[in-house]
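Me: I am new to this structure and would like to learn how to read it, one feature at a time. Please give the general idea before each case.

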Amino acid sequence: MLVLEDARGLELAPTLDCGQAFRWREGPGGGQGVGEGRAVTVRRAGAGLVIEGAGEMDRAFWEQYLALDLDYPALIARFGRGSRRLAACCAASPGIRVLRQPFFEVLCAFIISQNNNIGRIKGIVERLCQGLGEPLGGGMYAFPTPAALARCTPEGLAFLRAGWRAGYLVDAAQKVAGGQVSEAALRALPTAGARALLMTIRGVGPKVADCVLLYGLSRWEAVPMDVWMKKAMKELFPNGLPACCRGREGIAQQFIFDYARRNLPRGTQKVQAKGTGGH
């Protein structure tokens, strides 16, 4: 058991179920999931966190994975000083954190996410892990390696019930396993170059590429633009993200995205963010 004494305001439920990660579920003892081959249960304990299934040697990994090495309270305060609208978005769920997830898992998960809902994405990811990943015990499985997935054909992935996405998954795995798209190269490239390299994978457009940059490579400046973010930008930030976000635009996006899903109408009716009047 690993005890992290200070969660720095992190809240598990909104973080693990806000559309950025698909390997976590709510269990009787807390959030149950897998992070880079580590099956654990995470729960709040006072101001800190308890991680069952982890030990002291895993401390650095989980502090990074859960973004405890970033001072989110200070960052949220900075956002609030720069924009009343962004302050309202952060205040709606201040415990959200952008996780640092494994690159290949994020790439595959967001290929699967296209034209899909969170429940179905989780189901496909779970079937992928059960079918091709190494067992970790307790009914949990590691995410498949690129090599394991690259050996498959789209037809051989019929058990995923992922439809046309299966072909994209195979292409992604083959390019990563073959070195045409490597994590090291992506980390070394400027953001625009890394985005372009990711988009050489079949089925990876700008939105999926930016999800990989943000959630799998910690490029905090990447801003995935889905339907909800486009709506939020139009309704709340028509002049673009405020200057206080510079260098952390992707983190600001996570608060805006969550606020938009909970508060903006699904139709075309315009609304004003609660408690805000403009930048």
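Me: Among contacts between residues at least 6 apart in sequence, what share joins residues at least 24 apart?

Reply: A contact here means heavy atoms within 4.5 Å. In this protein, 69% of the contacts between residues at least 6 apart in sequence join residues at least 24 apart. The model is predicted, so local features need pLDDT of at least 70 and side-chain atom pairs count only at pLDDT 80 or more, while totals for chains, interfaces and linings use all residues. Residues are numbered from 1 along each chain as its sequence is written, and side-chain values use heavy atoms, with hydrogens and water left out.

Me: How many helices and strands are there in the protein?

Reply: Helices (H or I, at least four residues) and strands (E, at least two) are DSSP runs, numbered from the N terminus. The protein has 13 helices and seven strands.

Me: What does the radius of gyration say about the protein?

Reply: The radius is taken over C-alpha atoms, and the globule rule is 2.2 Å times the number of residues to the power 0.38. For 279 residues a compact globule would come near 19 Å, and the protein agrees because its own value is 19 Å. Along the principal axes, the C-alpha atoms fill a box of roughly 55 × 40 × 35 Å.

Me: How many of the 279 residues are buried, as a percentage?

Reply: Buried means under 20% relative accessible area, exposed means over 50%, and partly exposed lies in between (1.4 Å probe, protein chains only). By that rule, buried residues make up 53% of the 279. Accessible areas come from the Shrake-Rupley method with a 1.4 Å probe, and for residues only the protein chains shown count as cover. The protein exposes about 12,000 Å², with 52% of it supplied by carbon and sulfur atoms.

Me: Which residues touch the most other members of the largest nonpolar core?

Reply: In soluble globular proteins, nonpolar side chains tend to be buried together. A nonpolar core is a set of buried Ala, Val, Leu, Ile, Met, Phe, Trp, Tyr and Cys residues joined through side-chain atoms within 4.5 Å. The largest one here has 73 residues, and L86 and L107 touch the most other members. Helix 5 (residues 103-112) gives the most to this core, with nine residues. Another core lies apart from it, with 19 residues, including L4, A7, L66 and L68. Leaving aside neighbours within four places in sequence, L107 is in contact with A172, V176, I201, V204 and V212.

Me: Is helix 11 mostly covered or mostly uncovered?

Reply: Helix 11 (residues 206-217) is mostly covered, with 10 of its 12 residues buried. Among them are V208, C211, V212 and Y215. The buried residues of this helix pack against helix 5, helix 9 (183-188), helix 10 (191-198) and helix 13 (249-263).

Me: Is W220 buried or exposed?

Reply: W220 is found in the loop between helix 11 and helix 12 (227-235). Its relative accessible area is 8%, so W220 is buried. Beyond its neighbours within four places in sequence, the contacts of W220 include L70, V98, R100, L214 and I251.

Me: Where is G95, and which residues is it in contact with?

Reply: G95 is in the loop between helix 4 (84-92) and helix 5. G95 counts as buried because its relative accessibility is 4%. Leaving aside neighbours within four places in sequence, G95 is in contact with G9, L10, E11 and T15.

Me: Where does G167 lie?

Reply: G167 lies in helix 8 (residues 165-177). At 10% relative accessibility, G167 counts as buried. Not counting residues up to four places away in sequence, G167 touches P154 and R202.
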